[in-house]
Every structure is written in C-alpha cells, then in structure tokens.
Amino acid sequence: SNLIFAFKTYSILKKNIEDGDIVIVPSRPIEILYFIAALKKRTKLKVILDIRDIWPDAFQIEKKLLKAVFNWYCDFFLRHSVKKFDIYVHIAPSFINWLNRYSEKATSSFVPLGWETSRWEGKVTNNLHMPERNYYLQLVCVAQLQFQIDVRPVLNFLKNNHTYHLTIIGENGSGERYNEVLDYIRQNDLRNVTIIGAVGRDEIVEYLGKADIGLVPMISSSLPNKVFDYLGAKLPIIVLGENDSADFVNKYSIGWSCKYDSDSFSTMMLTISKEEVLEKRDSVLKIRMQFSRDNLHKEFFNIITQ
C-alpha cells in the first residue's frame, strides 16, 4: 500500500509541479522519499524533509529474520533519497543521528510536535488538593499498549502501593501488550488501574484534567504527542528509560525520569511529594507556551521562507 501511495503521489506531482515549488514530505512512509527524490532529479523543486518518525529504528521487531529484512528494505529507499533533499526538520533530538546515517553532512532544525492552544488553553483545572480524592497521586498514560509501550514496571509498583492510581487512555483492545497487561491486572487484583478505550479529543482534555502526572513508558526514543498533551494539560511528566523524552523533561525540570525497571520506578515514586508535583507543575506553566503549535508553526514557516 505504501508503494502504491508513493507512486500515485509521484504521478500527481509530476503533472502539477513547477520549477521553484517547495514540497514538504514526512519521513515515513519511506517509499515516498524515494519517489520524491526521483522527481527532484528531473525538476527544480525544493524538498523539505520533516523527520517525524524514523524507520527502521522506531520498530521493535522480535523476530530476527523479519527485523533484518525490514532493515534492508528501509535502507534501500533511504540511502537513495535522504541525502538528495534541501532542508531538514526533526521533531526529536536523537533523530539527527538517523539523518546523519543517510546524509553525513546534513544539518536539521528542531521543531517538536507541540500542543494545540485552541484544544487545551483555558480548559484544564488540575485537582491535586481536592479533599474528596481517593488516591495520593493520579497517574495517567495516553497510549495504545503496543510492543514499544511497556507499563509493567508501573503495574509492579501499583501492586504494592494501593494509594496510587493509573488510568490508561487510548487502548481499544488491539494493542500487542493488551492481553498481558489485562492478565497481570486480573491476576493481581489491581483495582487501582483503569483502562479506557479510544476517546474523543475533547474527552482526553477532560480525563487529563483529573490527573496529577503524565506517564511516558516508551521503549523507543522519541518525543511523542503524549508529551505535549501533558504540557497542554499542565501536567508534570514521568519518563521511563533514557531517551529523548527523558532528556526533554530533565532539561526543563518539568518532571522526573528513571531507569526502565520496577525497582528504579518504585524508588522514584516513593520520593515524590505533592509539594514537588506542584513545583514541577509551576515549571510546566513557565515553559509550555514555548511549545504551543501557534509558536512552532511560525518557526516552521520561517524555515520554509528562508
């Protein structure tokens, strides 16, 4: 399907493109990069590569043969395309390593995904000090339980700490880890975990407004949408693992990070006080507008016009 889409895109642009036009192309599907590079070779168009996902790195494939074939497949398209473009923009700091693998001397501008002002601003009131609360801290994770999302260290902590609560939003039952997470919850009778299916955009705003801390339990390195949803919701952030999200949270003092294991997560959680949560939230309030899409879109437009 990616190949068909890429070829159709090439065919449409071939008929409509004019010299001097600018094409903005996302970094995936990778097949389209190959066809855009071919089109650029025969025209005088300019191409901006928007690096918002990195294949094959972003895929956690367990079967070694399948992983090797997929890596070879991606490399073929990327080595014949990436280095031929004019301008590069990336949404996560580590993505520059992917770029330099395929274009050694290329430089890129960091423009993260950001949060939508119209969706979040003025619509969130967090409730850390409400007297009727049943839990010490309300944790939330916006994610489908795919292979790269591993909440087991969090569940192990919740098993022995019933005054904390976790809400998982966005899992519709098809995630690769869904069954193992559900089995763990049932086997350990975890009544302090709630799984909510896919919800509308406005509903997510409502759910995050009831939380205290947003979780990012991603195996792969990135700065995903959920990080900026949490910023929009004025939530401090906990990141498991050493990755782009952890570096981002630590750089701006808007949360905490730990190793990707149960002991590290548990030790960290037991040291977090409500006062510290409020301090981190103050840090979120100071920097969040810097990452609103209104401001980031202006930055992206300036890159295009230059």
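This is a predicted model: local features need pLDDT of at least 70, side-chain atom pairs count only at pLDDT 80 or more; totals for chains, interfaces and linings use all residues.

Visitor: OK. Which residues of helix 10 are buried?
Guide: Helix 10 covers residues 244–251. Its buried residues are Asp 244, Ser 245, Ala 246, Phe 248 and Val 249.

Visitor: What caps the N-terminal end of helix 10?
Guide: Asn 243 does. One of its side-chain oxygens lies 3.1 Å from the backbone nitrogen of Ser 245. Just after the helix, Ser 253 has a positive phi of about 55°.

Visitor: New topic. Ser 222: buried or exposed?
Guide: Ser 222 has a relative accessible area of 13%. Buried means under 20%, so Ser 222 counts as buried.

Visitor: Where is Ser 222, and what does it touch?
Guide: Ser 222 is in the loop between strand 8 and helix 9. Leaving out residues up to four places away in sequence, it touches Ala 92, Phe 95, Asp 244 and Ser 245. Asp 244 and Ser 245 are among the buried residues of helix 10.

Visitor: Now helix 2 and helix 3. How do they cross?
Guide: Their axes come within 8 Å and cross at roughly 25°. Angles under 35 degrees count as roughly parallel, so helix 2 and helix 3 are roughly parallel to each other. The crossing is left-handed.

Visitor: Which residues meet there?
Guide: From helix 2, Ile 30, Glu 31, Leu 33 and Tyr 34. From helix 3, Tyr 73, Cys 74, Phe 76, Phe 77 and Leu 78. By class, that contact has eight nonpolar residues, one charged and no polar ones.

Visitor: Where are the cis bonds, then?
Guide: One runs from Arg 28 to Pro 29, with omega near 5°. Pro 29 lies in the loop between strand 1 and helix 2. Another joins Trp 55 and Pro 56, with omega about 5°. Pro 56 is in the loop between strand 2 and helix 3.

Visitor: What about phi at Asp 189 and Lys 234?
Guide: Asp 189 has a positive phi near 50°. Asp 189 sits between helix 7 and strand 7, in the loop. Lys 234 has a positive phi of about 65°, and lies in the loop between helix 9 and strand 9.

How values were computed. Residues are numbered from 1 along each chain as its sequence is written. Side-chain values use heavy atoms; hydrogens and water are left out. Buried means under 20% relative accessible area, exposed over 50%, partly exposed in between (1.4 Å probe, protein chains only). Helices (H or I, at least four residues) and strands (E, at least two) are DSSP runs, numbered from the N terminus. A polar contact is a pair of N or O atoms within 3.5 Å; within protein, one must be able to donate a hydrogen and the other to accept it, and residues adjacent in sequence count only if both atoms are side-chain atoms. Contact means heavy atoms within 4.5 Å. Axes are lines fitted to C-alpha atoms, for helices over the stretch in contact, and angles run from 0 to 180 degrees between N-to-C directions. Angles under 35 degrees count as roughly parallel, over 145 as roughly antiparallel, 65 to 115 as roughly perpendicular and the rest as oblique. A crossing is left-handed if the near helix is turned anticlockwise from the far one by less than a right angle, and right-handed if clockwise. Ala, Val, Leu, Ile, Met, Phe, Trp, Tyr, Cys and Pro count as nonpolar, Asp, Glu, Lys and Arg as charged, and the others, Gly among them, as polar.
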